[in-house]
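Here's a quick tour for anyone meeting this structure for the first time. Have a look at the model, then read on.

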Amino acid sequence: MLRAPFHRKDPEAAAPAPPGVENGTEPSGLGPRRTPAAPDDPRPETTVIVGGMTCAACVRRVEKALQSLSGVEEAAVNLATGRATLRHRPDWAGLDEVGKTITATGYDYLGPPEEFLVDPIAAARTEEIRDLRRRFAVGMILSVVIFFGSMQHWFPFLAALPRTSLLIATFILTTPVVFWVGSRFFVGALKAARQGTTDMNTLVAVGAFSAYAYSALATFVPTLFAAAGVAPHVYYDGAALIVTLIILGRLLEAGAKGKTSAAIQRLMELRPKTARVIRNGEERDIPIAGIVRGDLLLVRPGERIPTDGVIVSGSSAVDEAMLTGESMPVLKEPGHAVYAATINKSGAFAFTATRIGAETALARIIALVEQAQGAKAPIQRLADRVAAVFVPAVFAVGIVTFVVWWLFVPDGSFSRALLNFVSVLVIACPCALGLATPTAVMVGTGLGAERGILIKGGEALEKACRLTMVVFDKTGTLTRGEPRVTDILTGPGVAEDDLLRTALAVETVSEHPLGVAIVREGRRRGLSAEAAEEFESAAGLGARGRVAGQSCFLGNRRYLESAGIAVRNWEKQEEELAEAGKTGVYIARGKDVIGLFGLSDTPRDTAGEAVAILKGMGLKVALISGDNARTARAVGTALRIDTVLAEVLPEDKAAEIGRLQKNGEVVAMVGDGVNDAPALAAADIGIAIGGGADVAMEASDMAIMREDLRAVPAAIRLSHQTMRVIRQNLFWAFLYNVIGIPIAAGALYPFGGILLNPEFAAAAMALSSVSVVSNSLRLRRTARKGNGI
């Protein structure tokens, strides 16, 4: 399967982990834009920004031009984001040729996105909205006046004005509406004509100019029509309203498209502008761009953290919701990682900058989501194929309509034929087809990013909708990844706290995970003890030491029996712990066993709820683990997971996923470790949880930036909701054209004489694009209501 590419990781060892991971690992999928692709796709990838595209035909034209470049093997252009993504060989044409090709095709080459501090498409859209408002205001005012002049016979107060003079005045007023208000359509049509193609601009330009030119002839050369026995009519109002209403549609569409990327814009706006740095013993404020790696920075309560780093002094609670989606602030102390744009809620602290600028977790998350929004979903290919022939087909229908109405309809006329021809051209809307998929993907991926769910493009969204089974790795994914004390069994006359104090004394200096877990439990209860004397440890068995003058032992049965300590009276309790998937650790004082600890890697707090939600969605849930069958079954039973795949070696996990796929399952694999990467890559959908290891993040299709497993069903549900909106958009875009074009051609005329004037066709065309984008925006409301993310 083709996966969204991931980016090079800065090899800086001191870099902090992403939120939820404090071990120094972080997703390499959040780096610079020009990168090698994912491990199963070795081709490099380059993204550039293209301005001036208006419809699906523009997308097709740019893609075709870029694919003709030397070394370019695949080009995907996204209309909503204005980004062109190229997969190419290492020895390819290069960015200079890309720029020349895009410019020669008639569009604006704006360069790679990393060259801009702000999104140039967003900036251009803001300027475009201002321009469209101005043009619409002028067009609307003049169109009202033009309507009065064209329909003189409707308004008695105009009866006294000479008809010829009024028509000339109307012609003068219509000219700036058609050629200034609608200049973008003529410029776009001319660009397309130079390339030997047509697009939506061609349809509007030809339609508006046809009505304008016909009316001009009727105004200045009426004898031409009289000689042909045709009563001349003028359609200045139609020409003006066509242009004005489509400009209104573009205005509404531009505003709505801006909202589809609002999630990313909000993340960008969170970045602070200045930082407080200590240099040469002096404290001063500097711009964010002035921070260098290694700077010592101060953060006070209520301030946003300026860049990624590691705390060296002080402590605080930090709100990381904008990165992870977690609502509760996280306690940060010396040695803990902090992240740019997160909010310091309480205390002040100093930290050392480890990542700056585009290297920060926030910047790379933004880059990843932008890349996902630029990726093309497979379902979009159908719209692309239709767009390739759409405009020529519409012209063909328009010409046939004109000929039929002029020559073959009994009560037809040249005027009616022209009006129907214009109506066919202006009602056709390739824009809706081009916007149907990318706008929904933008909203869906942006909504996920706001909640710590990174979805790497339309392909992941589409495949997530076909899932039948979700397979969880056990250790570190379903469970916490570290042992915890779950049971404390004491001998006669021995209190739990006394047992823990003895164990604490022996294990205080131990580095064994089980010993560390026992010490952690003692300290959680507020207990303390001096370290035992004569401490000795036996690898894989246990430890011993002298506490209050007595020899004490902690370890497994074999270790105690080797010291001559009998454990027969405790065998039943140990067996019960083992049946529950727990590890037993004996504790003895002298020659007597005084207690037994039960330890296990306990499930995460949200694991059971996540499994229940997935099963409620009709998905099968499985657990895969390298642990022994008894331990794995115990966790599966606790979480009500029916399918448990135990004793699976790391190198065999991918084969196990393949076996499930051969049995007809569409599989999502959820994991976090290096040993999960092959299985994540083999699965239909790979989901890396809680930040995860670099290679796990790289191999995955989705990344959950927090350790709340409920985000897994939330991500799958969000995928379903996004794909539902995409299908709705495509359905309405196709249905609109399938119904609208025949009506404009006069298909309903035999049934009651129903015809569609060009101005109504233009209004319908404008409405179609706006409705598609608005339906995509509706996803924000429905996803919040039904997703729980």
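This is a predicted model: local features need pLDDT of at least 70, side-chain atom pairs count only at pLDDT 80 or more; totals for chains, interfaces and linings use all residues.

The protein chain has 789 residues, and 56% of them are buried.

**The overall build**

- The protein chain holds 27 helices and 27 strands.
- Take the contacts between residues at least 6 apart in sequence: 70% of them join residues at least 24 apart.

**The nonpolar cores**

- In soluble globular proteins, nonpolar side chains tend to be buried together.
- Here, the largest nonpolar core has 134 residues. Met-53, Leu-66 and Phe-472 are the ones with the most contacts inside this core.
- Which helix gives the most to this core? That's helix α26 (residues 711-745), with 15 residues.
- Leu-66 touches quite a list of residues, even when those up to four places away in sequence are not counted: Val-72, Ala-75, Val-77, Ala-84, Leu-86, Val-98, Thr-101 and Ile-102.

- How many aromatic pairs does the structure hold? There are 13.
- One of them joins Phe-179 and Tyr-212, whose ring centres are 5.2 Å apart. Their planes sit at 85°, so this pair counts as edge-to-face.
- The pair links distant parts of the chain, with Phe-179 in helix α4 (residues 163-181) and Tyr-212 in helix α6 (residues 200-220), 33 residues apart.
- Are these two buried or partly exposed? Phe-179 counts as partly exposed because its relative accessibility is 36%, while Tyr-212, at 8%, counts as buried.
- Tyr-212 also pairs with Phe-209, and that pair is tilted, at 6.3 Å centre to centre and 40° between the planes.
- Phe-209 and Tyr-212 both belong to helix α6, where they are three residues apart, or about one turn of the helix. Phe-209 has a relative accessible area of 39%, so this residue is partly exposed.
- Ring pairs tie Phe-171, Phe-179, Phe-186, Phe-209, Tyr-212, Phe-220 and Tyr-236 into a cluster.

- Thr-244 sits in helix α8 (residues 236-260). Its relative accessibility is 0%, so Thr-244 counts as buried.
- A polar atom of the Thr-244 side chain lies 3.4 Å from the backbone oxygen of Gly-139. Gly-139 also turns up among the residues that Thr-244 touches, along with Phe-136, Met-140, Ser-143 and Val-177, not counting residues up to four places away in sequence.
- Asp-295 is found in the loop between β7 (282-287) and β8 (296-299).
- The Asp-295 side chain reaches the backbone nitrogen of Val-292 at 3.0 Å. Leaving aside neighbours within four places in sequence, Asp-295 is in contact with Val-277, Arg-279, Gly-290, Phe-351, Thr-352 and Ala-353.
- Ser-562 is part of helix α19 (residues 557-562). Ser-562 is exposed, because its relative accessible area of 60% is over the 50% cut-off.
- A polar atom of the Ser-562 side chain lies 2.6 Å from the backbone oxygen of Tyr-559.

**Positive phi in the loops**

- Asn-280, in the loop between β6 (274-279) and β7, has a phi near 55°, a positive value in a residue other than glycine. At 81% relative accessibility, Asn-280 counts as exposed.
- Glu-647 also has a phi near 55°, again positive in a residue other than glycine. You'll find Glu-647 in the loop between β24 (643-645) and α23 (653-662), and at 54% relative accessibility Glu-647 counts as exposed.

Definitions and conventions
Residues are numbered from 1 along each chain as its sequence is written. Side-chain values use heavy atoms; hydrogens and water are left out. Helices (H or I, at least four residues) and strands (E, at least two) are DSSP runs, numbered from the N terminus. Buried means under 20% relative accessible area, exposed over 50%, partly exposed in between (1.4 Å probe, protein chains only). A polar contact is a pair of N or O atoms within 3.5 Å; within protein, one must be able to donate a hydrogen and the other to accept it, and residues adjacent in sequence count only if both atoms are side-chain atoms. Rings of Phe, Tyr and Trp (its six-membered ring) pair if their centres lie within 6.5 Å; planes under 30 degrees apart count as stacked, over 60 as edge-to-face and the rest as tilted. Contact means heavy atoms within 4.5 Å. A nonpolar core is a set of buried Ala, Val, Leu, Ile, Met, Phe, Trp, Tyr and Cys residues joined through side-chain atoms within 4.5 Å.
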